[in-house]
Amino acid sequence: MIRLLFFARVRERMGQGRMELPLPPDVATVAALLTHLRGLGEPFAAALAGDHLQVAVNQVHARAADPVGDGDEIAIFPPVSGG
Amino acid sequence: MIRIQEADFSLQEETEALLADRPGVGGTVCFVGTVREWVATSDSRVVALELEHYPGMTESELAKIETAALARFGVEALAVVHRVGRLALGENIVLVIAAAAHRAAAFDACRFVIDHLKVRATFWKREILDTGESRWVDACPGCEAAASRWEDLRGEGHTHAPPSPHDHDHDHAPPHHPPAAHGTIRAHGPGKVDWNGLRVGILTLSDSRDLSRDKSGDALEGLTRAVGGILVQRGILPDDEAAIRETLILWADELRLDLILTTGGTGPGPRDLTPEATRAVCVKEMPGLSELIRREGLNHVRSAVLTRGVAALRGTTLVVNLPGSTRGATQSFDAVADLIPHVLRMVHGGGH
């Protein structure tokens, strides 16, 4: 299982801030995970549309090619806007 | 010090708390971000912001930024307070305080922290409009560029990249050492070392680096500012003896620098020619300084004795060769920093 967290606009479009999902065995990277999630239909497809999303794996900023694994905490959010 | 809270903060109280028991602080710079009035569309105005964040990650990202700033600028203390929740027009959003021995480090560190906070810390703003609607704030267009100016932290999960394979300067960089201490002043507190406006040039010698990837030069620049030196020139050259000689002559005779720190080109390799170039343009050697540098290096790694750096005077300009690795350069700097004003006073005819 992986723990998914959503923030800001993504959270609103998902209708929830967190969920747990099984990680399919062929999903090994951040990019593959996003593709997998978008393929699950709504609300994922609409909430994760576009290419401006950022991902953190276990609370560290991640890039598309970074690995994801079972038990990870994976957060998906729009570009940050603090300060 | 990092805090995320809903309540307001007091600039006065936060500053006093940060400066308590820090007699070495001579300059403090504060940045306060506030909610400003903003015309959202032709018929709506922003009346408030709502901020949310990612608890846990926000604190760890801010801690990485703080660690990097402390190491890079040699400041004494930093504080970051960021509010979340609903904030009305005019209310405080964020406070950054940087306290250092000298103003330059405080200004730089404060700006470094807010520039990186804007692009890395996991906060999100929503604008509440007077029409009752709300909308999420997009990433600020200039913020990525502002942060990338610092050439640090960008897109990395850690605060400092380990030495790259191009960082060829051999001498004292055992890669397993934690890099976080780079740029701090270890051997002497900043209160003891005061260059008080010495005019400094930093010259990096490397066949493989450019100024955007010059970590030892960056570290020396931070240290120079932290002790109150004025950075007048920064340069990088390939390991070419004639070019090094010409630059040393120009910086000493035309720019009248008090001190030129070189980093790199001090090893035994065929392209390591910095000591030769330095000797060729200087008259009086100051062998004790380079002996001290090697002795300090030996406390950390035996290969420190393989650095052939010299220290010497051209007129009233002191040239000190430091190793090319960031760790070697900063350790060497620390080893002799307190003696440099002393040398220069004597050069100008002053006594001990």
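**Exercise 1: the sheet in chain B**

Task: find the strand that runs parallel to strand E10 (residues 199–205) of chain B over seven bridges.

Solution: That partner is E11(B); strands here are DSSP runs (E, at least two residues) and helices are too (H or I, at least four), numbered from the N terminus. Two strands count as paired if DSSP finds at least two bridges between them. At one spot, B:Gly201 sits opposite B:Gln233 in E11(B). Now zoom out: the open sheet has six strands in the order E11-E10-E12-E15-E14-E13 (chain B), with mixed pairing. Its edge strands are E11 (230–237) and E13 (284–285) of chain B, each pairing on one side only.

A word on the model: it is predicted, local features need pLDDT of at least 70, side-chain atom pairs count only at pLDDT 80 or more, and totals for chains, interfaces and linings use all residues. Residues are numbered from 1 along each chain as its sequence is written, while chains are lettered from A and ligands numbered from 1 in the order in which they are written.

**Exercise 2: inside the sheet**

Task: work out why E12(B) is largely enclosed by the rest of the structure.

Solution: Five of the five residues of E12(B) are buried, so the strand is largely enclosed. B:Leu259, B:Leu261 and B:Thr263 point one way, B:Ile260 and B:Thr262 the other. As for neighbours, E12(B) runs parallel to E10(B) over five bridges, and pairs with E15(B) in the parallel sense, also over five bridges.

Definitions and conventions:
Buried ≥ 20, exposed ≤ 12 C-beta atoms within 10 Å, placed from the backbone.
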